[in-house]
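Student: Please take me through some helix contacts, cavities and charged pairs in this model.

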Amino acid sequence: MSSVSMSPSAPPRFFTEREVSRHCTKDSCWVLLGTRVYDVTAFLRMHPGGEALLLRRSGKDVSGELEGPPHRHSENARRWLEQYYIGELDRRSSGHDAEQTVRERRKASEHTEAKAAEKMTNMKASEEDEDDPYSLCSAVDLDKDLVDWRKPLAWQVGHLGEKYDAWVHQPVDRPIRLFGNPLLEAGTKTSWYWVPVVWLPVVFYFCWYCYTTLAKSTTRIDLTSDISIPIHKYIFPVFFLMGWFLWTFIEYCIHRFVFHMKPPAHNYYLITLHFLLHGQHHKSPFDGSRLVFPPGLASLAVGCFYVILNHILPEIIGTSMFVGGLCGYVVYDMIHYYLHYGSPKRGSYLYSLKAYHVKHHFEHQRSGFGITTTFWDHPFNTVIPDEKF
């Protein structure tokens, strides 16, 4: 994979059209924006249009595609692209002269950049390990950002005040360190596979429990003191699907009213809480270690869901709906991870969901709250509008 990168203060490198056109594979994919050259290899899997769409445009100018149709890219998307900037296209000469000129200019540029890099290395050697992923990212100008990315962010963001909302919705391609304590930091990260590993056995157990309990034909719902109706085992899938449908509503409400609350600019603690719950995901949307809920935190919500349903409904009905909702949650977390890292087939349901969710991240943060379905966005008038040209 191509590993060309640019320091914010380094002079630009120069490439010929022939060099740019060679980088047209999954291992090294470059595109042009005017005369600016970008190495988008690391973004191939994450691009909402899929890998094939970017590969078809490799080595070419994508200025027209940024303006659309079919999609006009947002300011955040354009800012995101700048993270992959690697140099400039040299069009002032052609043929052998171009190659020779570019080689000479690159040699001078790399000499200057090497000096700058050596200076920065000496300055940071005492505080950063060379294999630390936080030091390998050049996506953020560490000297100009509103926070110090060299330090944990959890206790810094609350001081941003009225600048927090704009800052957190300008995404970057960089891992986030929330806490300095290694144990606390590890507790905020979860690999995607832990969600099915932890919760699917619970789902299977409760499915078995509900079905076998209903199969005894002893479960009845009392309508009055004298009238009751039996609940057959074959009605279990209905309660299960009702619970799943209920989860989609809960998913929407949590995403809209909790994760996307707008904390008061003067409240340090609410800003910090918002960042820990969801703000960090919008700031670094492709941090793969924070795309699903840690089971420990999720268990609190799952427990509340179970208690509430069994309090307001007969026990077996409440449990049947609970297990459907829990299964819906597992599917939600898996789909959410896939929408960020998967490459669904063009025209498929997941393809449209991925495009919808990426628009939510990059342009429409106050709408598009549905993840597994856009159903609830319609009655609550939060559907992301179609673009018109």
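Tutor: Val198, Trp199 and Phe206 in α9 meet Pro295, Ala298, Ser299, Val302 and Tyr306 in α12, where contact means heavy atoms within 4.5 Å. Helices (H or I, at least four residues) and strands (E, at least two) are DSSP runs, numbered from the N terminus. This is a predicted model, in which local features need pLDDT of at least 70 and side-chain atom pairs count only at pLDDT 80 or more, while totals for chains, interfaces and linings use all residues. Residues are numbered from 1 along each chain as its sequence is written, and side-chain values use heavy atoms, with hydrogens and water left out.

Student: How do the residues of the contact of α9 with α12 divide by class?

Tutor: Ala, Val, Leu, Ile, Met, Phe, Trp, Tyr, Cys and Pro count as nonpolar, Asp, Glu, Lys and Arg as charged, and the others, Gly among them, as polar. On that scheme the α9 and α12 contact has no charged residues, one polar and seven nonpolar.

Student: Is α9 roughly parallel or roughly perpendicular to α12?

Tutor: Axes are lines fitted to C-alpha atoms, for helices over the stretch in contact, and angles run from 0 to 180 degrees between N-to-C directions. Angles under 35 degrees count as roughly parallel, over 145 as roughly antiparallel, 65 to 115 as roughly perpendicular and the rest as oblique. Helix α9 (residues 194–215) and helix α12 (residues 295–312) pack at about 25 degrees, with axes 11 Å apart. That angle therefore makes α9 and α12 roughly parallel.

Student: And is α13 roughly parallel or roughly perpendicular to α14?

Tutor: The axes of α13 and α14 are 9 Å apart, at an angle of about 80 degrees. So the two helices, α13 and α14, are roughly perpendicular.

Student: Which helix gives the most to the lining of the second largest cavity?

Tutor: On a 1 Å grid over the protein atoms alone, a cavity is a set of points where a 1.4 Å probe fits but cannot get out, and lining residues have an atom within 4 Å of a point. The second largest cavity is lined by Phe286, Leu339, His340, His357, Val358, His361 and Phe362. Two elements, α13 (315–341) and α14 (349–362), each give two or more residues to this lining. The most, four residues, come from α14.

Student: How much space lies in the largest cavity?

Tutor: Its lining includes Asp165, His169 and Arg366, and helix α11 (residues 268–283) gives the most, with four residues. A volume is the space filled by probe spheres set on the points, which are joined across faces, edges and corners. For the largest cavity this is about 50 Å³.

Student: Which residue meets Glu82 in a salt bridge?

Tutor: A salt bridge is a side-chain nitrogen of Lys or Arg within 4 Å of a carboxyl oxygen of Asp or Glu, and the structure holds eight. Glu82 lies in the loop between α4 (75–81) and β5 (85–89), and its partner is in strand β4 (residues 36–39), 46 residues apart. At 2.7 Å, N to O, that partner is Arg36.

Key
1 Å grid on protein atoms, 1.4 Å probe; cavity = no way out; pocket = protein on both sides within 12 Å on 5 of 7 lines; lining within 4 Å.
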